[in-house]
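Please consult the structure as you read.

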There are 2 protein chains.
Amino acid sequence: MKRKEEVLAKLPDLDSALTPDEREQVLDEMTVRLYRKNEFIYSEGDVPSHMLCLISGKVKIYKDGVGGRTQIVRVVNAVEYFGYRAAFSDENYVTSAAAFEPSVIASIPINLIRRLVLRNPQLGWFFIRRLAVALGKSDARTVGLTQKHIRGRLAESILFLKESYGKEEDGQTLNVYPTREDMANLSNMTTSNAIRTLSTFVQEGLITLDGRKITILDEAALQKISKMG
Amino acid sequence: MKRKEEVLAKLPDLDSALTPDEREQVLDEMTVRLYRKNEFIYSEGDVPSHMLCLISGKVKIYKDGVGGRTQIVRVVNAVEYFGYRAAFSDENYVTSAAAFEPSVIASIPINLIRRLVLRNPQLGWFFIRRLAVALGKSDARTVGLTQKHIRGRLAESILFLKESYGKEEDGQTLNVYPTREDMANLSNMTTSNAIRTLSTFVQEGLITLDGRKITILDEAALQKISKMG
DNA sequence: TTATTTTTATGTTTTACAGCACAAAGGTAC
DNA sequence: GTACCTTTGTGCTGTAAAACATAAAAATAA
């Protein structure tokens, strides 16, 4: 219970919306657990019963499409809520979620959240803002992924990861370590082409690679490649 | 003013959220005007000052991408709100909107809406649901447009228009009359390929074309083509 | 009406990228 | 340790769809 109190303290938007009674209830109904690397959190078709909150770690939200291909549509960083969209629109999940790396995730019954939102306009506004931002990003992504050429899409993905997860202390190495396949699934291309194009980026002095570590050397050039398509 | 009263009566989610005082204010600050066919409603980069409501007509929301290509990301049918996403996430518009056909559109200051949402949780919940549905569709669209082949994408677009605008009295002709270029911009392909692929659909007995009228003859087959990619 | 622009239609060429195939390197299990 | 599987890397081939080129038809303007 001590642990849960700490978790709740990290969720100010939610915590501040609670009466003492509700707070008790949230603490009672909330569960916290560790997901291992690559572990599934939920899958397309599942009934969304809980809102999730990533306390620590990194999570990818993706869709499996035609011909075994996968598209990562969003990534989640700590501390962020996720898994509530489907519940809010009364659908089953249309995406799947998995941990990029070991992740601690809190689950709160969605019915409880719904009740809170219907009583607390500030909390409602919080979710409106989150959804509005996500929708804008999704629309931008649709166009980027469909219209840009392979180099543009890969550059966009590298910058997307930088925006989402930031950099290490050196100020240029991405703070996330995706496989080449992850890069391909972010960028709407085959793994081969992700590998190939990353290599040419290295040759051109835009990035360096050390296993799965990606270090950005020339961000301006990447921006340009991403923008030009 | 009579006209505005009628318009407000068509917006139950909003109307019921208003106190008499606010109702007066909305009627006072709301403007209603007719947009001609293909007229711009707002453009990428504009500052969103009003929430819009399509009273009658049809509207397309689109993004201009690289190389002069355009992607229609959403379509709006009467009576539906639009143009609020950017305002809710404190951004300028990242999309543009134009009328598919002559359209009557009401504008309500977004600040007024924001105040109402912050006081009325039901209204907040209404927008949460709308945004959640839109985000789910946008994600599905991203994957459909990137992974499917040209026939699958075009079939998807035809079905998308059917879902969005429905059919005429005959039960099979789409109730919207997009140019071939519109079809291409919906389906992420060139106009030439939209024309070509529509023709093959006619040859295969899936649809008939009469100018811009699209009549669906074999919806099950279109569903299959859309699903298979 | 006639003129002019826009839209539709089709054929040809080019190319970006997927789809293999295969090998080396790196992890993981036993 | 050895065996096995996954990930990374590179070359080759085929093809889906863009790009280009005209031309006819339709819509719009004069």
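Q: How do you know that chain B and chain A are related as by a two-fold rotation axis?
A: Chain B can be laid on chain A by a turn of 180° and a shift of 0.0 Å along the axis, with an RMSD of 0.0 Å. Copies are superposed by least squares on the C-alpha atoms of residues with pLDDT of at least 70 in both. The two copies are therefore related as by a two-fold rotation axis.

This is a predicted model, in which local features need pLDDT of at least 70, side-chain atom pairs count only at pLDDT 80 or more, and totals for chains, interfaces and linings use all residues. Residues are numbered from 1 along each chain as its sequence is written, while chains are lettered from A and ligands numbered from 1 in the order in which they are written.

Q: What makes the copies meet through the same surface?
A: Of the interface residues of chain B, 100% are also interface residues in chain A, so the copies meet through the same surface. In this interface, 43 residues of chain B are in contact with 43 residues of chain A, where contact requires C-beta atoms, placed from the backbone, within 7 Å. H6(B) gives the most to this side of chain B, with 21 residues.

Q: Why is Thr173(B) called partly exposed?
A: A residue is buried if 20 or more other C-beta atoms lie within 10 Å of its own, exposed if 12 or fewer, and partly exposed in between; these atoms are placed from the backbone. Thr173(B) has 18 other C-beta atoms within 10 Å, and is therefore partly exposed.

Q: Where is Thr173(B) placed in chain B?
A: Thr173(B) is in the loop between helix H7 (150-165) and helix H8 (180-187) of chain B. Helices (H or I, at least four residues) and strands (E, at least two) are DSSP runs, numbered from the N terminus. Thr173(B) and Thr215(B) are 42 residues apart in sequence, yet 4.0 Å apart in space, C-alpha to C-alpha.

Q: Which residues come nearest to DNA strand C?
A: Of the 18 residues around DNA strand C, His149(A), Ile150(A), Asn193(A), Thr179(B) and Arg180(B) come nearest. A residue counts as near a strand if its C-beta atom, placed from the backbone, lies within 6 Å of it. The largest share of this surface, five residues, comes from H9(B).

Notes
Contact = placed C-beta atoms within 7 Å.
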